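I set out to record what can be read from this model, entry by entry.

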Amino acid sequence: MVASIASHGPNGHAAAVLVVDNESVMRRFVRRTLEAEDFEVEEARDGESALALIQARKEPFDLVLTDLSMPGIDGRQVSETLARYRPSMAVLCMSGNPDAVPHIGPGDTPVRVMLKPFTAEDLYHAVLDAITRAADLNAIAEDEIVRAHAGLSRLAKALEASRTMRVQMLDLVAAARELRRIKDLD
């Protein structure tokens, strides 16, 4: 078994993983493996129940680990839905087919696919890596938002200063006109 390393999600809690697979044997293997490493694990037997669980859950999952080939809503559709509506959620796919590397999202970025069968150690490292990468990307995005907000704040201050200068200029022009009018009356 893998050396036990404290697995924590981005918010300092035990990382929450949703395992989506229509094969109960695979779900149980993944659950036991990840729970042994202190992950919080929930299961869904298909894409439809996975999406319902994701939507109903108060706290988001740190990772959705989904099989690509399932009846009904498959792993690709789950991945596409999450890329569209929950882009900060990490997704890792599983497949027994080495040719099943889908492209998800507008950039045709391939998702990561673990080929079945895999070892408990491979699973642990892939899950940890996917969660870490998603957390890193979210941190970078948050930094960019903070920088953009700071830039917009500076722009708003500059616009306000410009508006104040225009008002002062208009006040000076009005005062000069008033002085001319008074001088012309004398």
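Entry 1: I looked up Lys116 and found that, at 16% relative accessibility, it counts as buried; here buried means under 20% relative accessible area, exposed over 50%, and partly exposed in between, with a 1.4 Å probe and protein chains only as cover. The model is a predicted one, in which local features need pLDDT of at least 70 and side-chain atom pairs count only at pLDDT 80 or more, while totals for chains, interfaces and linings use all residues. Residues are numbered from 1 along each chain as its sequence is written, and side-chain values use heavy atoms, with hydrogens and water left out.

Which side chain meets that of Lys116 in a salt bridge? I found Asp67, at 3.2 Å from N to O; a salt bridge is a side-chain nitrogen of Lys or Arg within 4 Å of a carboxyl oxygen of Asp or Glu. The pair links distant parts of the chain, 49 residues apart: Lys116 is in the loop between β7 and α4 (120-185), and Asp67 is in strand β3. Helices (H or I, at least four residues) and strands (E, at least two) are DSSP runs numbered from the N terminus. Asp67 is also buried, with a relative accessible area of 4%.

**Entry 2: other charged pairs.** Side chains of opposite charge can pair when their charged atoms come close. I noted 11 salt bridges in the structure. In one of them the side chains of Arg57 and Glu40 meet at 3.0 Å, N to O. This pair also links distant parts of the chain, with Arg57 in the loop between α2 and β3 and Glu40 in strand β2, 17 residues apart. Glu40 is partly exposed, its relative accessible area being 34%.

I then turned to Arg76 and Glu80, whose side chains form a salt bridge of 3.0 Å, N to O. Because they lie 4 residues apart in helix α3 (residues 75-85), about one helical turn separates them. Arg76 counts as partly exposed at 34% relative accessibility, and Glu80 counts as partly exposed at 26%. Elsewhere, salt bridges with shared partners join Arg27, Arg31, Glu35 and Glu43 into one network.

Arg27 is in helix α1. Leaving aside residues up to four places away in sequence, Arg27 touches Val19, Asp21, Asn22, Glu43, Ala44 and Arg45; contact means heavy atoms within 4.5 Å.

**Entry 3: the sheet.** I traced an open sheet of 5 strands in the order β2-β1-β3-β4-β7, with parallel pairing; two strands pair if DSSP finds at least two bridges between them. The edge strands, β2 (40-44) and β7 (113-115), each pair on one side only. From one strand to the next the twist averages 20 degrees; axes are lines fitted to C-alpha atoms, for helices over the stretch in contact, and angles run from 0 to 180 degrees between N-to-C directions.

Strands β1 (residues 16-20) and β3 (residues 63-67) pair in the parallel sense over 4 bridges, and Val17 stands opposite Leu63 in β3. Strands β3 and β4 run parallel and are joined by 5 bridges, with Leu65 opposite Leu92 in β4. Between β4 and β7 there are 3 bridges, again in the parallel sense, and the partner of Met94 in β7 is Met114. Strand β4 is largely enclosed by the rest of the structure, because 5 of its 6 residues are buried.

**Entry 4: helices against the sheet.** Helix α1 (residues 24-35) lies across β1, β2, β3 and β4 (90-95), and runs at about 170 degrees to β2. Helix α2 (residues 47-56) packs on the sheet and touches β1, β2 and β3, its direction making about 160 degrees with that of β1. I recorded β3, α3 and β4 as a right-handed β-α-β unit; a crossover is right-handed if, with the strands pointing away from the viewer, the path from the first strand over the helix to the second runs clockwise.

**Entry 5: the chain as a whole.** I noted 4 helices and 7 strands, in the order β-α-β-α-β-α-β-β-β-β-α from the N terminus on. Of the 186 residues, 31% count as buried.
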